[in-house]
Amino acid sequence: HHIIGKTGRMLQGEKTNPLAIRAFEQALRSGKPCHVCLDNYRRSGEHYLCEVSVRPITNAQGQVEAFLAFE
């Protein structure tokens, strides 16, 4: 329940690459698929490498309605 209403930014820290975050955000805004590896942090502060693959889900008109992410 500690993450309800929060974004993935709460997992970022000093080793998180801002260029990877920017590429990820740009792909989401443009409705394109994206695959990134991020340095994230657990609630305890422990560092871990997170590989994320995101794909847009479109309607019959080709408009993005949602995204599906695999971590």
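Strands β2 (47–58) and β3 (residues 64–70) pair in the antiparallel sense over six bridges. Here, strands are DSSP runs of E with at least two residues, helices are DSSP runs of H or I with at least four, and both are numbered from the N terminus. Two strands count as paired if DSSP finds at least two bridges between them. This is a predicted model, where local features need pLDDT of at least 70, side-chain atom pairs count only at pLDDT 80 or more, and totals for chains, interfaces and linings use all residues. Residues are numbered from 1 along each chain as its sequence is written, and side-chain values use heavy atoms, leaving out hydrogens and water.

**The strands**
- In the hairpin of β1 and β2, G45 takes a positive phi near 95°.

**The helix**
- The buried residues of α1 (residues 18–30) are A20, I21, F24 and A27, where buried means under 20% relative accessible area and exposed over 50%, with partly exposed in between (1.4 Å probe, protein chains only).
- They lie on the same side of α1 because they cover an arc of only 130° around the axis, taken from the directions from the helix axis to the C-beta atoms.
- The face turned away from that buried side carries exposed P18, L19 and R29.
- After α1 comes G31, with a positive phi near 75°.

Key: Expected span 1.5 Å × (residues − 1). Contact = heavy atoms within 4.5 Å.
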